[in-house]
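Dear colleague,

I am handing over the structure below for your study. Please look through it before reading the notes that follow.

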Amino acid sequence: MNIRGARKLFQMTGEDFATTIRERVKREMGITISVGVSYNKIFAKLASDQAGTDETQIYGKENYKDTVWTLPVTELFGVGRATARKLDLRSVYTIGDLAQTPLDRLRSWFGKWGEYLWIYANGKDASPVRPKGYVSPRKSVGNGRTTPRDLVTVDDVEITFMVLCESVATQLRADGLLATTVEISLRDNNLMGFTRQRKLKYPTCLASELFESTMQLFHENYSFRYPITSKQKNLLRFHLQTDL
């Protein structure tokens, strides 16, 4: 919750609010809770995760390098098992290690997601807290599927991608949208994955053109060292412009 306006109105600090909430929940419901306080959503969530029972944890701009940066990188929102394994192989063990990794290097490892991880680790997330029931404008159309078996040849990939592109193209035309960027997200059967994207030559809602760009992106980034896994959903996503 965003309490920026309420702090001034009630003349209370973030810690005061956290203490009030914890005490009322304990008094009125008979349960204890942990509360995280920070200047952005990512660090507030992290602080809540790190707080003890019936405790408030605070990560401020003045102390996050001494607190947040010492935590294992696996504690950061967005770092799952596969990402953590990839970071471990590159000697990135703590959130501080991640924050101090050059941004272009993270982009080369994880694509656009690497940029988000860098923003999160450096406490630069500025995404707002949305009200309950808020529905954000559609920025992309995507589809994904798990396959009956691992994909081991280019033909396997082409069949799967064509089905997905046909589905996405149909949705684009139904919504009056054009795709401007293609993004693919794949995992091999060793559960190592990547996400890559590229801008299309021109906006389109045709399956054949989406498929052509998708396969080009695939060939540029995948060598079939391992088959593509059938155990997790592999995704295609197309970012949009609404001028059809």
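Which residues lie nearest the centre of the second largest pocket? In this predicted model, they are M1, I3, S38, Y39 and N40, out of 33 residues that line the second largest pocket. The volume of this pocket is about 910 Å³. At least two lining residues come from each of α1, α2, β1 (35-38), α3 and β2 (56-59), and the largest share, five residues, is supplied by α2. Sorted by class, the lining of the second largest pocket consists of 14 nonpolar, ten polar and nine charged residues.

The largest pocket has a volume of about 1100 Å³. Its lining is made of 38 residues, and K112, W113, Y116, E183 and R237 are the closest to its centre. Among the elements that give two or more residues to this lining are α3 (41-50), α8 (112-121) and β4 (178-187). The lining of the largest pocket divides into 13 nonpolar, 14 polar and eleven charged residues.

Q11 is not a glycine, yet its phi is positive, near 55 degrees. Q11 is found in the loop between α1 (4-10) and α2 (14-29). Q11 counts as exposed because its relative accessible area is 67%, and the cut-off for exposed is over 50%.

F224, likewise a residue other than glycine, has a positive phi of about 60 degrees. F224 belongs to the loop between α10 (207-221) and β6 (234-241). With a relative accessibility of 23%, F224 is partly exposed.

Yours sincerely,
A colleague

How values were computed. Residues numbered from 1 in each chain as written. Predicted model: local features only at pLDDT ≥ 70, side-chain atom pairs only at ≥ 80, totals over all residues. Heavy atoms only, no water. Helix = DSSP H or I, 4+ residues; strand = E, 2+ residues; numbered from the N terminus. Buried < 20%, exposed > 50% of the residue type's maximum accessible area, 1.4 Å probe, protein only. 1 Å grid on protein atoms, 1.4 Å probe; cavity = no way out; pocket = protein on both sides within 12 Å on 5 of 7 lines; lining within 4 Å. Points joined across faces, edges and corners; volume = space filled by probe spheres on them. Nonpolar A, V, L, I, M, F, W, Y, C, P; charged D, E, K, R; others polar.
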